[in-house]
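Subject: Structure handover

Hello,

Here is the structure I said I would pass on. Please have it open while you read the notes below it.

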Amino acid sequence: MKAAIRMIDPGLQSSVQDLGRPGWAHLGVPSSGAADPISLRVGNRLVGNPDSAAAIEVPLRSCLMSFTHAATIAITGAVEQGVLTLASGQRQDAPAWRRLDVPARSTLRIDIAAPGARAYLCVAGGIDLPVVLGSRSACLSTPLDALAAGPLRAGSKLPIGSVSLAGPCRTLDAHAIHSLREHLARRTLRVITHPDVAAIGDLDKLSLRVSSQSNRMGVRLETPVPSAAVGSNMITQPTACGAIQVPGDARPIILGVDRPTTGGYPVIATVVFADLPLLGQLRPGDIVRFQVIGVPEALMLHREQQQWLNTLCPPRPELPRTIDLNCDLGEGMPMEHDEALMRLVTSVNIACGGHAGDDATMQRSVLAAMKHGCRVGAHPSFPDRANFGRAMLSMPIEDLERSLVEQITALMRIARGAGARVEYVKPHGALYNAAMIDPDLADCLARAVRACDPTLPLVGLAGAAALSRWNAAGLAVISEAFADRRYEPDGTLRDRRHPDAVISDPGQAAAQALSIASRNSTGAQSICVHSDSPHAEAFLRAIRERLAAAGIEVSAASLNP
Amino acid sequence: MTTPGSPFDQVPALAWTSERTLRITLGDQISPATSDAVAAVDDALRAAVLPGVSDITPAYASVFVEFDPLTLDPAVAESAVLTAIKSVAQRSAGEPRLIEVPVCYADEFAPDLSDVAALHGISAEAVIKLHTSGSYRVAFLGFTPGFAYLSGLSKGLHTPRLVRPRTTVPAGSVAIGGAQTGVYPHPTPGGWRIVGRTPIVMFDAARRPAAHLSIGDRVQFVPIDRARFDLIARGGK
């Protein structure tokens, strides 16, 4: 049984939160994430997690949970101390802002204490719920679990991630804890006035009371602001976390992490980034004041806050980031062409007779891949050399499966003869595109791979339906993204018929590769560059240069089991 | 006014709404030309792949660019955004997708259809005819995951919102609110008048694309009967 936390009494709208899912606002998806990211990050650092690990956010009241296995935890935020009850019935204090080891079958109670509204329970290894659109955070404004788990319920079981991924734990001295508590108790929010609003000189003089109607969508203030600040409704605009909206009743709402992504109320000012965590700690009844500052000061505050936190409690050293580069080869181009690209990639997808290639080209390609230290992958296709595997072929699914098995085993046989091994399978051309969305073709590929070697991973487009299907079928999966193809805003590939579907500038291909490798919004483990592009070599050089400059290593190491 | 040949009716205006958000204003009212400009700027900004940018969010007449100012210097961000806006003139817009959204207007799915008809002094059939003959465009997505703001509702169907919003509107509900029409992707509270329901799942975070509709799409509502609704809802075609 996997280690887990079981919610006995989740209190009021407790939820799982990490640093959120930015990048999807254009689909109407709020960023979500911890309402007080400072407490989350420090808690994660105390137990050796990366800042972005998921934790339990407990608002306003209390929360009772139990641990199936021994675990390392930290409680941070608006809490004095937790109460730990061991399996023997013995009780002990669980002080906040410290790393604690809790034994198996112990129970932890967390009570929220003023000043402040939210506590965080961080656990070494993090809460290991499925990642939805790049994050494990619940979005409490979208009902019916459309986005990750909603509010936690009694009986919710939260799996704990692998502790082996945790780094060194940090400790805080009494002074550091005091300084964190003091920081989070501040009730003056620094704001930047909105460009549409003529100078509101009085913003600094307001004292506004926080309403009990506040939640993760927004902090509602029950004191009306002077009527000069109340505008009429505007046409719907994008919103920002921290934006101070003034609806018709003149009672401002400071938008929170689960805010709607667009809205029509006028905005008077926006809370600066450095003070957003304070929004998560505002309690009903608190009195809030604003202090107007300029953009340069806001930037300085942001920078200083990062430095302060990093000195107080350094982040876990970053694991070296790596990304695989792959290319389709052995498709009948001159060997010099293929070898030039093999010098630059880490995985080669070798045509195995379906759309191109024969025993001789497979043999040459495998030897060259070995020479250049590349992983060998099988690149089967619809058996359709006339169309280079680029046309949809209507054939009985059993015949396709048989052909795929023949193609993959042909390369396996040749690789074995050369002292190498086929390490993955990536479908080609029309078969690739169709299998990503067609479950019948995805299943056919899965059966073919299983017949050849059930440990072989299948490569597919990051985010495609086929990947989860293969995963569910028990096959390993490698997700890839393209450096030389444009993506639509929703993460799908732009249609090839679109005039702007293909990237032709090496600089842009490199920028896209960096975005794939660093932000990893697509979650891709490998980047593909099309070998038939006249720019393939220039692209690969530009990509390598850009990745190296960003400290990202090109390697297939992380793909090996 | 801009120079002839410019893709913009109005010179794009940049303003900082905070130290991390740059707003590009492309108009001051809801119009097809402004939506074209918004979609073009949105597309150019995405194509520019600026490191440090976390969100590019379009709406009716503006686009917000949110970024991490410690990764991307605000001055650099501003000039990159300007460059992207300039590139719009050279970029060719692709043909918009035409997405057919099947809608069952049967009574059980359309609690407000008869009220809408009565308010306009026409029959329910005439409301359905007007609603399905309209050609709509997705101005942008917002409010809740997968919710598309559709413009192009026939004037003959502009209807005031409910005085008392419903606490829950079923997922897939097709509704009219003021001059707008749209599909509720999830069960949410809502004050628009419900005239039908689609069996299509408008948003699924595990699917790619997650949202059924995308900025710039043209949408056509297609009337279907209850049997067809059930068939599509079960996964048939």
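I began with the aromatic rings. A search of the whole structure, which is a predicted model, gives 12 aromatic pairs over all chains. Rings of Phe, Tyr and Trp (its six-membered ring) count as a pair if their centres lie within 6.5 Å; planes under 30 degrees apart are called stacked, over 60 edge-to-face, and the rest tilted. A pair of aromatic rings is described by the distance of the centres and the angle of the planes.

One of the pairs is Tyr432(A) with Phe482(A), which is edge-to-face, with 6.2 Å from centre to centre and 75° between the planes. Tyr432(A) belongs to helix 7 (residues 429-437) of chain A and Phe482(A) to strand 26 (residues 477-482) of chain A, so the pair ties together parts that are 50 residues apart in sequence. Helices (H or I, at least four residues) and strands (E, at least two) are DSSP runs, numbered from the N terminus. Both Tyr432(A) and Phe482(A) are buried. Here buried means under 20% relative accessible area, exposed means over 50%, and partly exposed is in between (1.4 Å probe, protein chains only).

Another edge-to-face pair is Phe143(B) with Phe147(B), at 5.4 Å centre to centre and 85° between the planes. Phe143(B) is partly exposed at 34% relative accessibility, whereas Phe147(B) is buried at 3%. These two rings are part of one aromatic cluster, together with Tyr60(B), Phe140(B), Tyr149(B), Tyr184(B) and Trp192(B).

Next, the salt bridges. A salt bridge is a side-chain nitrogen of Lys or Arg within 4 Å of a carboxyl oxygen of Asp or Glu, and the structure holds 29 of them over all chains.

- Asp275(A) and Arg186(A) form a salt bridge, with 2.8 Å between the closest N and O atoms. Asp275(A) is in the loop between strand 19 (267-271) and strand 20 (287-292) of chain A, and Arg186(A) is in the loop between helix 2 (174-184) and strand 12 (188-193) of chain A, so the pair ties together parts that are 89 residues apart in sequence. Asp275(A) is buried, with a relative accessible area of 0%, while Arg186(A) is partly exposed at 25%.
- Arg402(A) and Asp399(A) form a salt bridge at 3.3 Å, N to O. Both lie in helix 6 (residues 397-418) of chain A, three residues apart, which is about one turn of the helix. Asp399(A) is partly exposed, at 31% relative accessibility.
- Asp217(B) and Arg97(B) form a salt bridge, and their closest N and O atoms are 2.7 Å apart. Asp217(B) sits in the loop between strand 12 (193-197) and strand 13 (218-224) of chain B, and Arg97(B) in the loop between helix 2 (74-87) and strand 5 (98-104) of chain B, so this pair ties together parts that are 120 residues apart in sequence. Asp217(B) is buried at 3%, and Arg97(B) is partly exposed at 37%.
- Glu57(A), Arg118(A), Arg216(A) and Asp258(A) are linked in a network of salt bridges.

How do chain B and chain A meet? In contact (heavy atoms within 4.5 Å) are 51 residues of chain B and 55 residues of chain A. The two chains bury about 4200 Å² between them, 62% of it on carbon and sulfur atoms. Buried area is the accessible area (1.4 Å probe) that two parts lose on being put together, summed over both.

Across this interface the rule finds one salt bridge. Asp196(A) and Arg23(B) meet in a salt bridge at 2.9 Å, N to O. Elements that give two or more residues to the side of chain B that touches chain A include strand 1 (13-18), helix 1 (32-48) and strand 3 (53-58) of chain B. Strand 3 of chain B gives the largest share, six residues. The residues of that side divide into 26 nonpolar, 14 polar and 11 charged. Ala, Val, Leu, Ile, Met, Phe, Trp, Tyr, Cys and Pro count as nonpolar, Asp, Glu, Lys and Arg as charged, and the others, Gly among them, as polar.

Finally, how to read the numbers. Residues are numbered from 1 along each chain as its sequence is written, and chains are lettered from A and ligands numbered from 1 in the order in which they are written. In this predicted model local features need pLDDT of at least 70, side-chain atom pairs count only at pLDDT 80 or more, and totals for chains, interfaces and linings use all residues, while side-chain values use heavy atoms, with hydrogens and water left out.

Regards
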